[in-house]
Structure formats: C-alpha cells, structure tokens
Amino acid sequence: MTEQEQAKGAPKGPASFCVPRAAIEALLAAKATAYEVCAYLVLAKHTESTGRYSSASISAVNKATGANKVRGGPVDRAIQRLLTIQAHRTVTVEEQRHRRTKQGFRTFTEEVTKRESLGPILFDRATWHAQTGEILPDGPTERGLVRYVLPDFGEAPADRVWFDSGLVAGFGEFRQPLKVLKNAGDVAARLLLAMYAANDMELWGGVRPRGPGSGPWRRYEPVADDVHLHGGARLIRAKNRREGAAIDKRISGGDDQAYFDALLPLETAGLIYEVIMVLNRSAKKTKFVSTGEEYSNIPDDAEPLYELDTRSEHGYKPEGEEGIGGATAKTAGELGHSVATEGGRFDGTYAAIVRRGQAAMIAGIYRLRFRVRNPKNAGVTGTWARIGQNNREAFNLVQAIRAANNLPALVPPWEAGKPETASPAASVPF
C-alpha cells in the first residue's frame, strides 16, 4: 500500500512501497554505495501505486540522508550513477551446434545460458520521454511532477521486494533511518538491501536463513546434554556463539569479516533485531572450511516451531512480539537445570522445551524493523496469527510439563501486565 493510495481514501495504516527484485540484483552486482542505495529507496518511496513514477527531488534524498546539499555533491553523484546501472536477467536458449564426426558434420541443439540486459534501473524525466514518448502522469501541483521513472521490468507487485515507508520517512525515535544507514557504510547498505530481498515473514517470521539468496542468522550451540523431563518432554539448552551465513560476495567483495562486521551497525541502530526461535529440525553438524571447526547449521527443510525471545541492540523491543523464553527458562531452573549463571545473570543461554521425539534446535533469525506492517497487505495478518498460534501451543506444553512436575501455572507473557478483565486473546503486532 503506497502513500498515494492512502491519500485517495484507501484504508489507513502504515504505508509501504516496493522495489523490483531485478533492481536489487543490479544494485548488488554494481556494488552500489550507501548513497546510491539510499537514493534509490527514497525515489522508490515517492512513487505512486504502480511503483514506477517518482515525484521525489534531490532535496528529498538530501533530507532523508542528511547529506550536504551542495550542487554536484554525493547525492547528485549517486543519482547520476543510478542512471547508468543496468538490470539483467539470465535466460536459457537453445542454439544449434555443429560437430565433426567420421561421417561428416552432425547438427545438434544445445541449451545455453545467457545474461540479457533489461536496461537501466532508473531514468530521469527527459530521457524517459525521449526514449518512449510517454506522457507522464504528473500531479496537479509542482510537487506532483514526475521527476524519475523506475522500470518494474514486468515484475508483478506481489513478486517485488516490499519496504515500510518508515525506513525513508522515519517514525518515533527513528528520525532518519537512512542517515544512519548511509553512515553505516557501503557494505552495511548492500547487506540490508539483500536482507530485504530475503525477508520471508510468512514462513520464517524474518530474514530467510537457508536457500538461494538467504541472509545471515545467529548460531546457538548446545551447552549441555538434552534432558528428558517428566511429562513426555525434552529440554534443550544452547548459547549464542556467533553469526552464520551463506555469504553473497557481491555484498562485501569476498571479505567475510567485513560482511559480519556490517551486521553490528544495523543492529545497534535498530534497523534489524534478532528473534530467538526453536526450529523443527535437529542441527546439521557442519565444519568450517577454513578451520575445520564443527558448528550447528540449519537444515534446508527446517521451519520455526515457536519463538523464545526478541533481542534488540537498540534497546527497543517491539510490543506484542513476546516469546516464551521466560517461561522455558523458569521451568528449567525450577526443575534443577538452570540456564542462568551464578547470581542469576543471563549469559545468552536459552532453554527450549519440546515434545519427546521432536527434532529441534535453537537459532537466531533476524527481523527487519521497517517491514510491511499494515494488516491490509497480503500475508501480514496470517503471519502473526501463525506466530501467535505456535507460541500458544508451545506455552501450553510448558504448562503441561509444569503440572506434571507439581509446579504452579505461569501467566502467558502476552497477558503479563494486563488488567484481569482484559481479553485472553494475544495482541497481534502489525
């Protein structure tokens, strides 16, 4: 849902905008700078309902990034380069080949993969009109003048990558997110762009950690043997170790350390945060190529079971995204298997409780702060309904184990702090 649609009387709610995947691939392939990534996002945010015609000016980019407004400055240079970056696609075609044999030449058909240019990811007004002759859909005032055209390369809106408009406009304590992103540097800007492309709220509740184009995640390694609990459950304990990823070399130029270092400013700025999840598969033991050290990898067919906690380096934990890690930790401690250090301090260790026989592991999945949140957007309501249902089912198992071990029932985390007369339904964040 774009801001322009809201202005025409569409249902109110957080606005969003989309970017073609081909454009994101082009920006990554071109090793776009932080200024170039930010400039493209500002232009995309100020498009109308098709996501193609932008009324944003250079002043809008300067304002969003906090850039120096001098003519020929970094924003001018960024937009000039965006006009030259080409999108591509890979196509498979059949070509005839000829091969000499003892009987003479034989003709056969062979499939060949080719890289085909789709054209620039951005046009200025004059160039677009000169090449297409299209009469641009200007608004009734100077502010509605179409200044740039962002081709969609034939991608349906549902197939594009979606952003919450707050990433550009800011909200609350997040006044200028793109200024923060620009200051975080080129690698961080490209990494955040790639994480948006890998965002899969419907399945993962965050950035997809496995599969083609996946993003980073955080490893949690076992700190003790699993414990079988009375009542038919199993206790797993694992501690935060470090990040993992199938690193896209376009992001950091092949420098793995630079890739992981770029996560830190994104986290400390609150642009991303971690959700500690229990997955429905046991860890796949894998060895680092460089050191031979074994680590717990996420299997390709793993999916989330439930959420334990939400952790934010920025200190802002989104309301309504409570996991049940407090309940599992308390239960583990009361059964003699504490996950806290001496003195009750938290050291990054989490407890998960699953049914006996259920494969499971703990992993940290990154969630984007400025994701699509409006319930009118496809998938948003269903996503949070699924997450809430999974957490309630897991909490019910914890309650059953507590009852089987003569422990008192706990208050659900989504009910904590509510008046006694409040509805028992869990809050659903958008």
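**A helix and some salt bridges**

Start at helix H2, residues 21-29, where the buried residues are Ala22, Ala23, Ile24, Ala26, Leu27 and Leu28. Buried here means under 20% relative accessible area, exposed means over 50%, and partly exposed is in between, with a 1.4 Å probe and protein chains only. Helices (H or I, at least four residues) and strands (E, at least two) are DSSP runs, numbered from the N terminus. Just past H2, Lys31 adopts a positive phi of about 50°.

A word on the ground rules: this is a predicted model, with local features needing pLDDT of at least 70 and side-chain atom pairs counting only at pLDDT 80 or more, while totals for chains, interfaces and linings use all residues. Residues are numbered from 1 along each chain as its sequence is written, and side-chain values use heavy atoms, leaving out hydrogens and water.

Now for the charges. The whole structure holds 22 salt bridges, each a side-chain nitrogen of Lys or Arg within 4 Å of a carboxyl oxygen of Asp or Glu. Take Arg160 and Asp152: they pair at 3.5 Å, N to O, and both are buried. Glu221 and Arg219 also form a salt bridge, with the closest N and O atoms 2.6 Å apart. Glu221 is buried at 11% relative accessible area, and Arg219 is buried at 3%.

Asp301 meets Arg281 at 3.1 Å, N to O, in another salt bridge. Asp301 sits in the loop between strands S15 (294-297) and S16 (304-311), and Arg281 in the loop between S13 (272-279) and S14 (284-287), so the pair ties together parts 20 residues apart in sequence. Asp301 is partly exposed, at 44%, and Arg281 is partly exposed, at 31%.
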